[in-house]
Structure formats: C-alpha cells, structure tokens
Amino acid sequence: MWTGEQLRDFIRDYLGPSFEKHGIDAEIWLGTINAPEPWQEWLKKSSSDFNAYAFTVLSDPEAYKYIKGVGYQWAGKYGIQRTVQSYPELRYMQTENECGDGTNTWDYAKYIFNLYQHYFTNGVNAYIYWNMVLEPKGRSTWGWEQNSMITVDPATKAATFNPEYYVMKHFSHFVSPESTRIGLKGPWTGNALAFEKPNGDKVVVIANPFAEAKVVRLSDGLRTHSFELEPDSFNTIMISGGNGR
C-alpha cells in the first residue's frame with residue numbers, strides 16, 4: 001500500500017538513518033515493487049512502476065545513498081528494464097515468481113522459462129521461485145491454487161517433481177552464484193541465456209519451443225558446436241573454458 005513518495009521519505013528520513021545510528025549489518029533494498037491492488041488493475045498500472053516507485057525513490061540523493069538493490073515481482077517485470085538502464089550500478093532481484101493456478105502444466109513451465117529469460121536478460125542478479133513445495137492443488141493464504149516445483153501428497157508422502165522444478169534446475173545446477181551473464185548473438189538469442197563461470201566454463205540454457213527437433217550451432221570463438229534440441233524442451237549446454245569441450 002506504500003506510495004513511491006512514502007517509501008522515499010521513510011528510507012531517507014527514518015530507516016536509513018536508523019541503520020547508520022545503530023550500525024546494523026544489513027542492506028536496504030527497495031521493494032518489492034509490484035503494481036498496487038486491485039490485481040485486475042496490474043496491467044494498467046504496472047507500466048508506471050519505474051516512475052511511480054523506483055525513479056521516485058532513487059532520484060532522491062539522500063534516499064538513494066542507503067539503497068543497495070531493487071526487488072521486483074510479478075507485474076514489476078514491466079519496470080525492471082528501465083530501472084537497470086537508469087541505475088546499472090545497483091543490484092537487482094526478481095523477488096517472487098508468478099505462481100500459476102496449481103495445475104503445474106508443461107505449458108506454464110514454458111512461460112516460467114520465458115520469465116527467467118526476461119529477468120536475467122534485463123539485469124537481475126537473483127531469481128526467487130514461488131512456491132518450492134505444496135500439496136496437490138495447494139492453495140495459498142491469498143486463496144487461490146498455485147504451482148510449485150515439487151508436489152507432496154500429505155497422505156502418501158509421495159513427491160512429484162513438476163515441470164517448473166526442471167526449469168529451475170537448468171538455471172541453478174550449473175550456473176554458480178559467481179557466474180556472469182554474457183551476450184549471445186543469433187536467432188536463438190530470444191530463447192537462450194549464457195553465463196561464464198569464474199573458471200572460464202560457459203553455460204548456455206536454451207529452450208526449443210517448437211513441436212519438432214531443431215539443430216543449433218553454437219560458436220564460442222574457438223570451435224563451433226552442433227546440438228539437436230528435442231521438441232518442446234529445455235536444455236543446458238556446458239562449454240569448458242580450458243579446451244573448448
């Protein structure tokens with residue numbers, strides 16, 4: 001329910017000075033920024049997230065000096081790019097994944113892959129998935145059924161790894177926290193992300209959204225590698241930094 005002006009004044013006049021006064025060993029992040037309720041108004045208002053929230057707070061030098069990062073969720077995806085462009089020196093976090101309707105379909109997993117691609121391409125340093133574990137048709141305290149990476153049946157204790165679990169695994173299993181996102185060129189750029197690890201290894205996470213297999217040729221400047229991507233699939237490609245494997 002906060003306005004951008006209220007956030008600015010609170011951080012500038014109260015929260016930041018209190019952290020300084022008491023030597024609190026923690027960071028102040030702006031957010032999490034999302035369009036205000038009612039939810040059906042999100043798409044109408046979310047395009048103003050940058051000016052109404054981030055720019056209002058960060059353009060004030062006395063508030064800005066306390067802020068180390070900015071968090072965006074849900075409809076905030078419409079404001080992240082403009083904020084990163086304006087304040088590239090800050091760190092960014094996608095703070096809550098769009099959580100679906102509890103059906104955990106493959107089609108929704110493809111949508112979630114697109115969200116990962118969107119947020120990382122536009123500058124976030126971290127991505128938080130919501131929810132990790134729910135019972136089948138798990139209902140949130142907000143009152144609607146939501147997706148999860150894992151579903152656990154309370155009666156049998158059986159665990160089901162849902163499609164979105166594998167989306168997360170493609171991004172988290174090989175991409176270490178110290179990795180840096182690197183650029184890609186070519187027609188598959190819109191369905192792929194590339195990272196370089198501290199040891200020089202490169203990780204490419206790429207989706208094939210088509211109903212038929214597709215061949216992708218990937219050059220790292222040393223060699224050209226050819227891969228056949230299965231239909232309707234998510235894929236991780238590892239390229240060794242030492243010898244081009």
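A crossing of two helices is called left-handed if the near helix is turned anticlockwise from the far one by less than a right angle, and right-handed if clockwise. Helices (H or I, at least four residues) and strands (E, at least two) are DSSP runs, numbered from the N terminus. In this structure, H6 passes H7 in a right-handed crossing.

The structure is a predicted model, in which local features need pLDDT of at least 70 and side-chain atom pairs count only at pLDDT 80 or more, while totals for chains, interfaces and linings use all residues. Residues are numbered from 1 along each chain as its sequence is written, and side-chain values use heavy atoms, with hydrogens and water left out.

The chain contains 7 helices and 13 strands. Its C-alpha trace spans about 55 × 50 × 35 Å along the principal axes. Of its 245 residues, 42% are buried (under 20% relative accessible area, 1.4 Å probe, protein chains only).

Turning back to the helix pair, the axes of H6 (residues 106–121) and H7 (residues 163–172) come within 8 Å and cross at roughly 30 degrees; axes are lines fitted to C-alpha atoms over the stretch in contact, with angles running from 0 to 180 degrees between N-to-C directions. H6 and H7 are therefore roughly parallel (an angle under 35 degrees). On the H6 side, the contact (heavy atoms within 4.5 Å) is made by Trp106, Tyr108, Ala109, Ile112, Phe113, Tyr116 and Phe120. H7 contributes Pro163, Glu164, Val167, Met168 and Phe171.

Technical notes
Angles under 35 degrees count as roughly parallel, over 145 as roughly antiparallel, 65 to 115 as roughly perpendicular and the rest as oblique. Buried means under 20% relative accessible area, exposed over 50%, partly exposed in between (1.4 Å probe, protein chains only).
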